[in-house]
Amino acid sequence: MLPIKDTVTIVTGSSSGIGAATVRMLAENGGHVVINYSKSAAAANQVAEDCRAFGVEALVCQADVGNEADRLRLVDETMKKFGRITGLVNNAGTTVFVDHANLGGLSEDDFHKIYGLNVVGAFMMTRACEPHMRAGGRGSVVNISSVAGVMGVGSSIAYAASKGALNTMTLSLARVLGPEIRVNTVCPGFVIGEWLKQGMGEARYEATREALAKGTALHKPGGTAEDMAEAVLWFLYGARHITGEFLLTDGGQHLGQAPLIAR
Ligand SMILES: NC(=O)c1ccc[n+]([C@@H]2O[C@H](COP(=O)([O-])OP(=O)(O)OC[C@H]3O[C@@H](n4cnc5c(N)ncnc54)[C@H](OP(=O)(O)O)[C@@H]3O)[C@@H](O)[C@H]2O)c1
């Protein structure tokens, strides 16, 4: 069992999907959690109730991780409530769905918005948490990237490039934040849920799930948010000898036996 009891973890974007599964799993294992969202207050409060049912404390904090004042307030409110931060999961992310061949479909503004959250947001959150983690003598940062950042595939070129940047940032940060703080990255493949269903449209989403079930090494029609959360928890509070590492959590999707997105 991982040493999670009484840890305090901020998980950005935890009102749904991978972030929500992560805080629930942390809470189930006795960790206190900070649930962050930008718009979905009701969903965030429901996730907090689920967590409190495990007997831990759950702080809910609205903050746009793309905005510096909001990021600092998120860290400040966490310190006011708990007095320490042992873990940070940079999970909040965004994209646009634009076919890679359609260069004209991707604007400069798309790049700035995606980088502003997926890369700059993750860096600035880490920067804001660093002194508190060091003061506590330990810390662990987990970035949620994507196989897109390794393979140059996924919802758009801007998204893949942002996740590639997040991957190299993991290496840079891991080098300078030790020995107290480890930095690692989980790279999900296709995750079952609203993010891809909304972005791809139902027909393409279902066709891709079918192709994955037939063609990937583990014959799974995508992973669940809980599959990703398991990897996140291990990096956060297990993996004591590991920093600057990526884990492709994709059921073997990167082995390339099936199209990543059906056409
Ligand atoms: N789904 C996949 O197949 C997949 C694959 C690879 C990687 N990923 C990565 O996994 C991460 C989570 O994705 P998911 O599938 O779990 O998505 P999701 O279910 O849509 O959840 C996204 C979460 O991020 C929050 N959020 C969005 N913009 C935010 C902002 N500016 N500030 C703070 N919170 C914000 C959302 O809250 P609000 O609703 O309140 O905005 C929500 O809680 C992302 O980094 C994504 O790139 C996902």
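Guide: Let us begin with exposure: a residue is buried if 20 or more other C-beta atoms lie within 10 Å of its own, exposed if 12 or fewer, and partly exposed in between. Please bear in mind that this is a predicted model.

Visitor: Why is Met 79 called partly exposed?

Guide: Met 79 has 14 other C-beta atoms within 10 Å. A residue is exposed at 12 or fewer and buried at 20 or more, so Met 79, with 14, is partly exposed. Met 79 belongs to helix H3, residues 68–82. From Met 79 to Ser 162 the distance is 29 Å, C-alpha to C-alpha, and the two are 83 residues apart in sequence.

Visitor: What makes Asp 6 count as partly exposed?

Guide: Asp 6 has 13 C-beta neighbours inside 10 Å. Asp 6 is placed in the segment before E1, and its phi is near 70°, a positive value in a residue other than glycine.

Visitor: Why is Ala 239 called partly exposed?

Guide: The count for Ala 239 is 18 other C-beta atoms within 10 Å. Burial needs 20 or more, so Ala 239 remains partly exposed. Ala 239 lies in the loop between H9 and strand E7 (246–249), and it has a positive phi of about 45° although it is not a glycine.

Visitor: Which peptide bond is cis?

Guide: The bond from Gly 178 to Pro 179 is cis, with omega near 0°. Pro 179 sits in the loop between helix H6 (157–177) and strand E6 (181–188).

Visitor: What joins E4 to strand E5?

Guide: E4 and strand E5 (residues 139–144) run parallel and are joined by 4 bridges; Val 89 stands opposite Val 142 in E5. Together with helix H4 (residues 108–135), E4 and E5 make a right-handed β-α-β unit. Within E4 (residues 87–90), Gly 87 and Val 89 point one way while Leu 88 and Asn 90 point the other way, and all are buried.

Visitor: How many residues of domain 1 and domain 2 are in contact?

Guide: The domain assignment gives domain 1 (8–188 + 225–249) and domain 2 (190–222). Their C-alpha centres lie 23 Å apart. In contact are 8 residues of domain 1 and 5 residues of domain 2. On the side of domain 1 that touches domain 2, H1 and helix H9 (225–237) are the elements that give two or more residues. That side has 5 nonpolar, 3 polar and no charged residues.

Visitor: Why is the shell around the ligand said to lie between domain 1 and domain 2?

Guide: Both domains give residues to the shell around the ligand, so it lies between them. Of the 30 residues around the ligand, Gly 13, Gly 17, Tyr 37, Gly 93 and Val 191 come nearest. Helix H1 (17–28), strand E2 (32–37) and helix H7 (194–200) each supply at least two residues of this shell. By class, the shell has 11 nonpolar, 16 polar and 3 charged residues.

Note on methods: Residues are numbered from 1 along each chain as its sequence is written. This is a predicted model: local features need pLDDT of at least 70, side-chain atom pairs count only at pLDDT 80 or more; totals for chains, interfaces and linings use all residues. A residue is near a molecule or strand if its C-beta atom, placed from the backbone, lies within 6 Å of it. Ala, Val, Leu, Ile, Met, Phe, Trp, Tyr, Cys and Pro count as nonpolar, Asp, Glu, Lys and Arg as charged, and the others, Gly among them, as polar. Domain bounds come from an automatic or database domain assignment. Two strands pair if DSSP finds at least two bridges between them. A crossover is right-handed if, with the strands pointing away from the viewer, the path from the first strand over the helix to the second runs clockwise. Two residues are in contact if their C-beta atoms, placed from the backbone, lie within 7 Å.
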